[in-house]
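This report goes through selected features of one protein model, with the sequence and structure shown below. It covers charged pairs, a helix with a surface patch, and a residue in a strand.

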Amino acid sequence: MDHIRIGIVGYGNLGRGVRKAINQNPDIELKAIFTRREVGAVAENDPFMVHISKIADYKDEIDVMILCGGSATDLAVQGPEIAQLFNTVDSFDTHAKIPEYFEMMDKTAKEAGKLSVISVGWDPGLFSLNRLLGNVVLPEGTDYTFWGKGISQGHSDAIRRVAGVKDGKQYTVPVESALEKVRSGSNPQLTTREKHLRVCYVVPEEGADLKAIEETIKNMPNYFSDYDTEVNFITKEELEKNHAGMPHGGFVIRTGVTGDGTRQKMEFSLALDSNPEFTASILVAYARAIYKMSKEGKTGACTVFDVPFGYLSPKTAAELRKEML
Ligand code: NDP
């Protein structure tokens with residue numbers, strides 16, 4: 001079997017997830033994990049761990065680099081740097097900045113004769129594919145995306161910055177009645193508040209003013225003030241016991257009409273016990289596709305919209321026609 005040699009850049013939640021996902025794919029082999037931190041501090045005696053300053057030494061040993069840095073600040077720097085040397089897959093998820101990031105990656109990868117697929121994951125990623133599918137199949141219709149129930153990293157960070165808060169987690173929860181309305185096909189116009197609920201679990205500092213914390217969270221602009229927000233105070237032990245996981249998920253729904261007004265509905269949903277492990281599994285499948293496309297001579301940047309579905313699979317086109325059509 002043709003082995004695809006993979007490098008992981010960045011060893012956080014996603015990086016660790018990619019390592020596990022590679023173990024489930026016999027045609028894919030882990031070559032090295034690159035980190036900006038001191039190697040021994042990230043993992044002791046791990047033969048795969050390499051300091052990022054040595055990445056160029058692996059130019060001929062790695063077919064595809066999976067970039068697992070954060071979207072907020074890491075990828076805008078690491079993406080173009082690494083695309084000069086390797087084919088890449090990343091999960092850049094700052095939706096508003098995707099066009100700008102694409103242009104930068106496209107230019108770099110084209111000049112280097114490499115191929116980069118950007119913004120792979122579930123949103124952007126699998127949800128994007130389903131939004132596109134909904135729009136082309138039902139050109140007369142309405143799109144709905146609901147997220148959750150899941151932990152929002154950004155909102156959890158915002159809670160932790162409130163005075164008197166020791167620790168906290170925030171779940172984004174889709175409003176069940178809104179989902180039902182959408183599924184009924186009545187094409188409702190829904191406000192931000194009507195679609196999602198924000199549920200917070202907060203560990204207060206000793207002697208903190210709980211009422212003040214609750215008010216500050218509920219009225220926080222951009223994060224909570226546009227939502228119905230629930231604030232629950234719990235102990236550090238309860239937070240660690242009941243809220244340590246990284247669940248997420250959501251729904252992409254398109255309702256519309258065909259013919260003379262015949263009602264139709266498409267729905268795609270995810271319920272994930274681990275957001276990073278699931279996202280990592282998607283990245284690994286796209287690494288396989290990028291490997292095949294680069295062998296065909298494709299260069300520059302692309303997105304999930306440009307990758308043929310069958311290329312994600314280790315099976316041949318003939319096998320897929322027989323087994324999955
Ligand atoms: P992390 O914060 O866990 O890791 C990001 C980077 O931070 C790592 O690559 C690592 O780089 C560094 N890092 C990790 N742990 C530590 C630590 N203890 N101390 C210092 N540095 C550390 O982020 P995630 O892995 O959870 O997520 C990465 C990105 O994935 C997110 O920003 C998001 O954009 C994207 N994502 C996309 C999804 C999608 O659907 N498209 C879904 C989920 C996530 P280094 O090893 O070099 O130090």
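Because Glu111 and Lys107 are four residues apart in helix α4 (residues 98-112), about one helical turn separates them. An α-helix has 3.6 residues a turn, so residues three or four places apart point the same way.

## Confidence of the model

The structure is a predicted model. Mean pLDDT for the protein is 96, and 99% of its residues reach 70 or more. The scores for the model are ipTM 0.98 and pTM 0.95.

Across the whole structure, 19 salt bridges are found. One of them joins Arg36 and Asp74, whose closest N and O atoms are 2.9 Å apart. This pair links distant parts of the chain: Arg36 is in the loop between β2 (28-35) and α2 (39-42), while Asp74, 38 residues away, is in helix α3 (residues 74-83). Asp74 counts as buried, because its relative accessibility is 17% and the limit for buried is under 20%.

Asp143 and Arg254 also form a salt bridge through their side chains, at 3.2 Å from N to O. Here the partners are 111 residues apart, with Asp143 in strand β7 and Arg254 in strand β12. Asp143 is partly exposed at 36% relative accessible area, whereas Arg254 is buried at 5% relative accessibility.

Helix α5 covers residues 126-137 and includes Leu132. The twelve residues of α5 reach 17 Å from first C-alpha to last, close to the expected 16 Å. Buried residues in α5 are Leu126, Phe127, Ser128, Leu129 and Gly134. They pack against β7 (141-147), β12 (248-258), β13 (262-272) and α11 (275-295).

Leu132, at 38% relative accessibility, counts as partly exposed. Together with Leu133, Val136, Val137 and Phe305, Leu132 makes a nonpolar surface patch of about 450 Å².

Gly168 lies in strand β9 (residues 165-174) and is buried, with 0% relative accessibility. Beyond its neighbours within four places in sequence, Gly168 contacts Ser156, Ile159, Arg160, Tyr201, Val202 and Leu239.

The C-alpha atoms of Gly168 and Asp157 are 7.9 Å apart, and the two residues are eleven places apart along the chain. Asp157 belongs to a network of salt bridges with Arg160, Asp167 and Lys236.

How values were computed:
Residues numbered from 1 in each chain as written. Predicted model: local features only at pLDDT ≥ 70, side-chain atom pairs only at ≥ 80, totals over all residues. Heavy atoms only, no water. pLDDT = per-residue confidence, 0-100. Patch = residues over 30% accessible without salt bridge, like charges linked within 9 Å, V, L, I, M, F, W, Y side chains within 5 Å. Areas by Shrake-Rupley, 256 points an atom, 1.4 Å probe, with all protein chains shown as cover. Salt bridge = Lys/Arg side-chain N within 4 Å of Asp/Glu carboxyl O. Helix = DSSP H or I, 4+ residues; strand = E, 2+ residues; numbered from the N terminus. Buried < 20%, exposed > 50% of the residue type's maximum accessible area, 1.4 Å probe, protein only. Expected span 1.5 Å × (residues − 1). Contact = heavy atoms within 4.5 Å.
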